[in-house]
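Please take a moment to look over the sequence and the model that follow.

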Amino acid sequence: MNDRIARLRNLLEEPLLVTNPVNVLYLTGLDSSNVALLVEPDRARLFTDFRYIESARAIEGVEAVQTMRSLIGWLAEELNGRFGFEASVLPWTFAEQLREGGLDLVPRTGLVEQLRAVKDEGELEAFRRACAITDRMFERLVSEVKFVGRRERDVAWDTTRLYHEEGADEPAFESIVGSGPTGALPHARAGDRVIESGELVVVDTGCRVGGYVSDYTRTLATGELDAELSEAYDVVLAAQQAGLEAIRAGVTGKDADATARAVIDGSPFAGAFGHGLGHGLGLDVHEAPRLSTESSDTFAAGNVVTVEPGVYLPGRFGIRIEDDVVVTDDGIENPVRFTKELVAVS
Ligand code: ZN
Ligand code: ZN
């Protein structure tokens, strides 16, 4: 942990006030909703209230400071000088409050996030365990759970139960179960629609283990598919394979996206892939680096990213296939074991 603060110091031009609770968790191990970490050249002060102060005092390498009233109000009165702050995280009203208290604030973005993007072996271990549990969840979902005649939300609830039974700490996010036309909405919630036979069901789901998340998508079939659906499935699978093969350290997120997108744009489903190819995974479900048409990120060994192309035909169907992989110097490690062959469920 102290090593992480030391590496952050190397990136700083002025002391940094870290207010994103996930960034504080990454740097100190303290999981608190009301916390700030001030990283200075010769010390790091961890500000939190009575509820968390004992945990904060037990952390090596930081000075725990108990705040007596609102955290920001307290910092505005107690601190003086020039500080970087997390401009994409700190609310405007809080920044104003700090300025009025006399702090000279320098907006900074992405500093801790750039450290978080490269995982160490302990982080990768937690991620691989989350993947192993997600694999087992999917195996049980397709063999034990009834789809046809039940609501999407009932199937989504089964994913939560299965994660619990397989030893996950919690679901990483509310599972998406999008059947038939609902599947054409990439971020549809699992709703009241009753799943019918002969359609596709997009299941996008993940779990958290030791702080770290998985995020898979599989598209399942409730019976025989017509020729167009089968072709669309094969196109998405080929696009995903192309994306996976394009990734290694030094490649950009933009180029990986373009490689996968070219497969879809060269098919009858050109233009039907309306989102980015993927995103980083870690303590958050969406973090650096990004894989998209606008990404300025370049992969480094130790990044964990999703690869999730899709084809969406509004009002009709959606197909997405998503794996989570570790970037290496010469390619990827893909810990996802659950099949990408089209699986039939009943
Ligand atoms: Zn997903
Ligand atoms: Zn994702």
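Predicted model: local features only at pLDDT ≥ 70, side-chain atom pairs only at ≥ 80, totals over all residues.

Leaving out neighbours within four places in sequence, Gly84 makes contact (heavy atoms within 4.5 Å) with Glu14, Pro15, Leu16, Leu17, Val106 and Arg108. This residue belongs to strand S5, residues 81-86, where strands (DSSP class E, at least two residues) and helices (H or I, at least four) are DSSP runs numbered from the N terminus. Gly84 has a relative accessibility of 0% and therefore counts as buried; buried means under 20% relative accessible area, exposed means over 50%, and partly exposed lies in between, with a 1.4 Å probe and protein chains only.

Residues are numbered from 1 along each chain as its sequence is written, chains are lettered from A and ligands numbered from 1 in the order in which they are written, and side-chain values use heavy atoms, with hydrogens and water left out.

Leu11 sits in the loop between helix H1 (2-9) and strand S1 (16-18), and with a relative accessibility of 31% this residue counts as partly exposed. Not counting residues up to four places away in sequence, Leu11 touches Leu111, Gln114 and Leu115, whereas its C-alpha atom is separated by 45 Å from that of Arg140.

The zinc ion (ligand 2) lies 3.1 Å from the zinc ion (ligand 1), and Asp215 coordinates both. Asp204 lies in strand S9 (residues 200-205) and Asp215 in the loop between strand S11 (212-213) and strand S12 (216-221), so the pair ties together parts that are 11 residues apart in sequence. Asp204 and Asp215 are both buried.

Helix H7, residues 121-144, is made of 24 residues and reaches 34 Å from its first C-alpha to its last, close to the 34 Å expected at 1.5 Å a residue, the expected span being 1.5 Å times one less than the number of residues.

Key:
Donors = N, O, S within 2.8 Å, 3.2 Å for Na, K, Ca; no water.
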